[in-house]
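Visitor: I am new here. Could you show me around and tell me how the words you use are defined?

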Amino acid sequence: MKRVLVAAIFLVWAAMLCTIPLFLSFGDPAATDMDTYFIGRGQADAAANNIVTSVVFDFRGFDTLGESVVLFTAVTGVALMVREKRKGEEHEDE
Amino acid sequence: MDALFTLDTGAGFWNPLLWVLGAAVAGVIALVLYSLGRRDYKPGTAQAEPFLSGNPEPEKGLVHVRAGNLYWGFLDAMEGYYSSIVSLHTGDLHDYVLWYLGVSALFLIVVVIIG
Amino acid sequence: MTPPFDLVVCILLVLACFALVRLVLGPTIADRAVAVDTVNTLVVATLILLAVIYRQIVFIDVAIVYALLSFVSTVFVAKYIGGEL
Amino acid sequence: MITSFIVENSPALMVIVPFIAAFVAPLTGRVAPAVRAWIVGGAMAITSAITLLLASDVYAHGTRLYVFGAQAATQTIAPDSGGIPVRIMFTVDPMSALMLVITAVLAFAVVLYSLTSERDHTGLGSYYTLFLLMVTGILGMVSTGDIFNFFVFLEILSIASAGLIAFRIDGGIAVEAAIKYFVLSTLGALAVLIAIGIYYGQYNALNMALIAQRMQYTLLDQVALVLIVAALAMKCGAVPMHFWTPDAYSMAPSSITALLVVASQASLYGLFRAVFTLYNVTLNAACIGWLLIVLGVLSMVVGVTMAIPQKNVKRLMAYHAISQTGYMLLGVGVGLAVLGNQSFLSAFGYVAMEGGIFHIINHAMYKGLLFLTAGAIFFRIGTYDLNRMGGLGHSMKWTMVFFIIGALAIAGIPPFNGYASKLMIYESVFAFNPILSVIAMVVSILTLASFVKVFHSIFMGPVLPEYKDVKEVPRPMLIGMGILALVVIAFGLFPSIVVDTLVAPAAHALADQGMYIATVIGGGA
Amino acid sequence: MLAYIITFILALLLYLLFTAGSGTLWLWSPSELIAGVLLALLTAAVAGKTLCRGKDYRMANPLRLVVLFLYLVGPFLVEVVRANLDVAYRVITGRIRPGIIRVPSGMKTDFSVFLLANSITLTPGTITVDIDEGTNDLFIHNINVPEGWETRPAVKAEELFSLANLPAWIRRIAE
Amino acid sequence: MIESIVHVLVLVGLVASALMVYFFKDLLAAALAAGFFSFLISLEFYILQAPDVAISQAAIGAGLTTAIFVIAIRATTRFEEDTP
Amino acid sequence: MLANLPYIVVVVLFLIGLATIVLKRNLIKIFLGIVILESAVNLFIVSLGYREGGIAPIYTNAPGTLMVLPTPQALTLTSIVIGVATSALLLSFAIVIWKKYGSIEIGFLRRLKE
Amino acid sequence: MRMSKIVRTGASILYPFIVIFGLYVIMHGHLTPGGGFQGGAVIATGAALLLVAFSAGEISGMVRKSTLMGQETLGLLLFIGAGILGLIMGAPFFANVLANSGLLFGQAVLPGPNPGELNTAGVLPIMNIAVGVEVWGGLAIVVMYLLSTIEREGA
Amino acid sequence: MIAEILVLACLVIGTVFNCLGILGLLRFPDVYTRMHATTKMTTFGSFFTALAVIVYGASLFLGTGDGQYVTLVLHTAVAAIALAMTNAIGSHAIARGAHRAGIKPAQAVVDRLGEVPP
């Protein structure tokens with residue numbers, strides 16, 4: 001019973017994701033106006049030859065800040081996990 | 001003034017101040033009833049001790065009704081429902097993920113078929 | 001005339017797919033590590049050739065990163081199977 | 001001058017201040033823990049103040065836009081971009097402002113509380129860092145106007161929450177809860193990312209207003225809708241995807257649990273934002289509305305019935321959180337279901353949405369309060385097991401008072417704030433479909449019943465011998481709880497003020513997609 | 001201190017290698033040169049302790065580096081070609097006779113052992129499997145152990161290479 | 001023509017290595033296969049003209065992720081248990 | 001449809017990753033599944049920006065004027081770093097679980113239920 | 001434990017090489033493929049190589065945990081500071097105020113295909129350096145933390 | 001013209017050796033002998049393909065005098081050198097690990113390392 005359900009779920013997910021190759025065309029994006037702006041203006045506005053860098057740090061710089069913070073968060077989380085517990089610190093059972 | 005405090009819900013309204021006023025009035029009535037009670041009650045004397053058919057009073061810790069025993073009747077009456085719903089909470093990560101995936105799949109079917 | 005770089009790229013990738021066979025079969029973990037190492041080498045060559053095919057000199061940097069760093073994971077695996085990690 | 005600077009740049013400062021404090025918090029802990037406490041508390045206070053300032057500004061002057069990296073902060077559309085917003089922007093409309101208010105108040109109360117309650121633990125530097133990052137994640141999520149930026153903040157929130165849920169690594173059981181939470185939220189975030197990819201591939205846009213303007217509702221958009229709605233509904237703990245909620249809520253430290261409530265509601269906000277702002281009337285409103293309603297009703301019923309037999313107080317409260325989330329889904333779902341019909345919308349749709357949104361703010365306050373009281377009890381007696389509690393009302397009087405306030409509010413007893421929002425939901429939903437309203441009332445009664453049980457088990461009865469020398473919790477914790485209790489009472493006594501000033505603009509801003517698009521795209525041109 | 005200076009010079013040279021062709025100042029632009037000096041300083045600060053761990057500064061001598069270069073393009077390359085042809089022959093015919101033999105290297109410094117081991121790995125049908133940390137003896141897997149070697153307890157390093165005397169070269173370079 | 005063959009080869013390799021990650025019982029082998037997967041996906045990024053992404057995938061995905069997976073396998077256990 | 005081969009591969013990889021998560025019982029295997037899933041999504045986003053015959057969006061001496069779209073690459077960079085952060089945190093969780101529970105099989109992670 | 005002498009020597013020779021290459025990648029982020037993340041990840045992988053080649057006792061002189069932590073915080077603060085630079089100059093947060101300004105990294109860039117010049121792109125190189133330093137510290141310290149869980153077990 | 005022939009020759013050598021290396025990887029009986037095939041021949045082959053690119057770049061530089069081809073040559077050379085170095089170290093590490101893990105060399109006529117007490 002459970003196997004059938006799992007198979008059905010996978011089938012539906014496959015169908016759901018298959019809309020992507022069916023309706024999007026690879027190598028020929030439907031609309032490009034935003035990126036045309038980036039390519040055209042990146043060199044003048046951000047003064048960088050690498051448009052990806054100018055997108056990453058200038059046009060979408062705030063995302064990059066968020067991303068660095070994600071890394072920092074994960075490092076802090078790992079530090080929390082590997083820390084030494086003090087003797088006698090309270091135990092939380094159940 | 002009333003308009004400031006009255007919550008209009010479209011079908012009706014509710015004024016919390018009126019409610020508080022009502023509660024205060026009820027409190028006053030309760031106080032009056034309380035003052036009409038017996039005057040010769042004194043705590044700390046034999047008057048206050050419970051009478052349990054002559055048995056000695058059990059220890060304080062034992063008379064406390066623990067949480068697991070509350071609503072036993074309700075749980076018993078709904079046993080069919082509870083046995084099925086509790087068994088869904090397996091604590092297995094796979095089941096958690098599968099429920100999520102399954103509900104997404106169900107959503108997709110509903111959304112695509114109906115509109 | 002441009003030398004037949006793209007043909008070589010194809011051959012190298014086919015070879016990488018053959019190395020995949022060793023990755024599947026490899027009786028021990030060391031065999032698999034060797035297969036992955038081999039694929040790294042092939043991929044570096046592929047990257048260099050592709051950079052020339054695309055006429056993008058800056059792409060060679062990717063190949064350098066590959067060549068420098070791909071063996072780190074191999075060393076980790078080697079240390080692990082040697083019981084030293 | 002400095003005030004105008006702060007008001008001008010408040011959306012950015014709101015994020016900058018906690019970030020900086022979070023970065024330096026672990027280092028300052030090496031100097032002295034007191035310094036760290038002051039830095040964290042001060043940063044949180046400043047953040048809350050800026051946030052409230054921003055919210056009041058939004059309520060006074062309408063939607064605030066803040067474009068990162070442009071020539072001027074309000075220049076949403078670059079001069080020669082052909083009329084499209086290309087940069088990341090914060091779009092703080094009244095709905096976002098409402099969430100900001102909730103976050104600011106609750107986070108400030110919680111930080112006051114946790115400065116005392118967690119003082120005996122190791123790893124506090126990381127704790128405060130993650131705490132501040134979590135708050136920032138919520139703030140960013142609710143105020144961003146860019147869909148990829150939403151994803152980034154969602155990830156910040158998920159990772160910080162996962163780390164904090166696993167904070168008590170003693171028995172490993174908290175880590176188990178964190179794994180469950182984190183695997184699910186990673187899956188959800190990836191689903192959101194795929195949806196973002198689909199939007200990008202179709203419309204070449206990442207700005208929410210631009211996507212909304214170009215929305216065609218093709219089959220791909222339906223898939224994206226499903227991915228986003230399911231993921232965010234899972235993140236906010238709607239039945240039947242709620243399984244992680246009791247685990248995570250019960251295992252996190254109590255102050256974090258109070259914040260997790262807000263995190264869930266930020267996800268709920270994301271869900272509403274996606275449905276109302278990205279799609280609005282292009283989708284089949286009745287269908288999606290009924291989906292939300294069904295989710296809501298299931299959440300209400302299953303949540304409250306699962307809560308009744310629970311023995312762990314925080315697990316019980318977590319199930320109640322699920323149940324209360326159902327009310328919000330119900331209210332807003334009814335609003336969504338009648339979105340296309342203007343007469344229904346003005347008759348009861350707006351009221352239902354106001355009820356749902358009002359319930360968000362109320363729920364955050366009283367559920368936060370309840371979790372904090374549970375934490376206070378744990379702080380003194382070291383267990384969450386209801387079977388081992390009893391008679392604490394004799395020694396922890398203030399905690400008991402706060403608990404009563406919270407419990408009455410969640411059960412919808414007048415004159416507390418839970419009643420006000422529930423009343424709005426009952427009456428408007430009754431006009432939509434009476435059965436739903438009846439179910440909501442029954443659920444409310446069951447909520448009361450289960451909180452009577454909790455109250456009885458914890459506070460009533462004779463003093464148990466093992467808890468003879470239990471004292472009241474320290475004052476900062478009481479202050480933290482007191483702030484929330486005051487808010488609960490105030491909202492209960494003056495609901496109409498809150499509804500008129502905070503909630504109704506939020507509901508109208510949420511429902512009015514055209515306004516949102518006009519503000520972002522039409523305004524700066 | 002010397003270690004930091006060596007690292008600095010090496011890093012600067014490498015940086016200039018990477019950025020060659022960037023400008024007019026004889027292949028480099030001025031900003032690249034300034035950045036190169038700064039980054040090389042940073043590299044020296046970070047990696048200065050690792051490069052010269054053995055307090056062995058022989059390789060700082062430019063003459064030795066020239067000899068190293070000559071070695072790499074001369075005898076080493078010849079050996080590599082021969083080794084590859086040999087292994088190619090074995091791959092095609094499948095005629096192998098593997099075994100692990102012990103080779104006392106007689107090298108004293110870390111770098112010379114490193115160079116010898118890598119030379120052995122890349123050249124004649126042999127792979128360095130392990131090294132005795134105390135005596136610097138190498139254990140070498142040979143794909144085709146010549147007749148008679150299996151009985152000998154140790155094989156001299158010079159015997160491994162047939163065309164050129166690589167160990168002598170390495171001694172000249174690194175010791 | 002040849003470029004599309006390259007493309008197909010890389011993509012086939014991707015699917016094959018992902019399947020390997022699925023089927024290997026030995027977690028270390030699975031981690032190695034994941035490293036292999038990362039190499040190939042980096043190559044795919046390269047072919048899709050995204051060198052920035054290719055570098056970061058090569059350094060992070062292929063180098064570091066495999067490394068931390070190996071460390072975690074060392075710290076926990078190497079083989080999957082066969083319990084259903 | 002066959003011209004969209006990368007998208008098809010994305011779908012296949014996504015399903016393999018999901019299967020790894022749902023059907024395997026070892027935590028580390030599940031995390032490997034998450035890595036595959038993330039890579040699949042990254043590949044999807046990068047493929048979105050590809051233009052036939054385009055060159056990388058970097059102004060160098062290279063010929064050609066048609067560039068592939070830069071935004072997906074920027075998004076993917078973000079996504080990759082988020083992926084490694086996720087993996088690191090999950091693995092540290094797994095290590096703690098191993099220390100406390102003595103097993104990283106999913107079947108043992110069931111102390112929290114009902 | 002440590003690996004054999006050959007690996008150790010190789011790692012210590014490769015490390016400066018990797019570091020300078022990573023710094024090159026960071027520094028040329030606005031001209032060639034690469035940038036802060038990539039370069040930082042490259043150097044962090046180099047640090048992981050050192051960590052795996054040497055034993056815990058030997059490594060303490062070469063890669064220090066406190067340094068890495070400080071690096072991480074410093075990088076983030078520098079990054080957010082580069083954003084705040086916009087606020088100070090009267091522009092919004094994250095505005096690229098240094099581009100084309102003639103100050104540090106402020107040289108105007110030629111339009112069209114050209115190999116590029118290092119001294120351009122305004123705050124972008126600063127952000128690249130900041131992110132590079134942060135990612136370097138962050139990823140290296142993750143590896144260190146995870147390794148420390150093994151060593152404490154005392155195998 | 002000479003450059004083209006050289007490039008072609010390098011490419012052919014590189015391809016052939018790579019093919020043989022993979023053949024050896026698939027054919028040989030145990031990990032050590034496989035490593036012989038891959039370490040030597042694949043590295044050598046890849047080195048020669050890189051050399052082909054170097055020669056190609058040099059010929060272009062001599063033809064056009066454009067500075068960017070210097071970058072091409074130098075970077076390719078760096079990649080090739082790094083490849084050779086890391087491959088040697090990596091294969092040594094694997095061989096050592098394999099032997100420590102107890103993998104005996106197949107068909108071995110002699111195993112001196114196995115005789116050394118650990």
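This is a predicted model: local features need pLDDT of at least 70, side-chain atom pairs count only at pLDDT 80 or more; totals for chains, interfaces and linings use all residues.

Guide: Gladly. Residues are numbered from 1 along each chain as its sequence is written, chains are lettered from A and ligands numbered from 1 in the order in which they are written, and side-chain values use heavy atoms, leaving out hydrogens and water.

Visitor: What makes residues of chain B and chain D count as in contact?

Guide: Contact means heavy atoms within 4.5 Å. On that basis, 45 residues of chain B are in contact with 68 residues of chain D.

Visitor: How do you know what area is buried between chain B and chain D?

Guide: Buried area is the accessible area (1.4 Å probe) that two parts lose on being put together, summed over both. For chain B and chain D that comes to about 4,800 Å², with 77% from carbon and sulfur atoms. On the chain B side, B:Tyr96, B:Tyr100 and B:Phe107 lose the most area to chain D, together 15% of what that side buries.

Visitor: Which residue pairs are in polar contact there, or rather, how many?

Guide: The rule finds 5 such residue pairs across the interface of chain B and chain D, both residues at pLDDT 80 or more. A polar contact is a pair of N or O atoms within 3.5 Å; within protein, one must be able to donate a hydrogen and the other to accept it, and residues adjacent in sequence count only if both atoms are side-chain atoms.

Visitor: Why are both faces of strand E2 (residues 89–92) of chain D called covered?

Guide: Buried means under 20% relative accessible area (1.4 Å probe, protein chains only). D:Met89 and D:Thr91 on one side, and D:Phe90 and D:Val92 on the other, are all buried, so both faces are covered. Strands here are DSSP runs (E, at least two residues), numbered from the N terminus.

Visitor: What makes strand E1 (residues 64–67) of chain D a partner of E2(D)?

Guide: Two strands pair if DSSP finds at least two bridges between them. Here 4 bridges join E1(D) to E2(D), antiparallel, so the two strands pair. In one of these strands, E2(D), D:Thr91 is the bridge partner of D:Leu65.

Notes: Buried means under 20% relative accessible area, exposed over 50%, partly exposed in between (1.4 Å probe, protein chains only).
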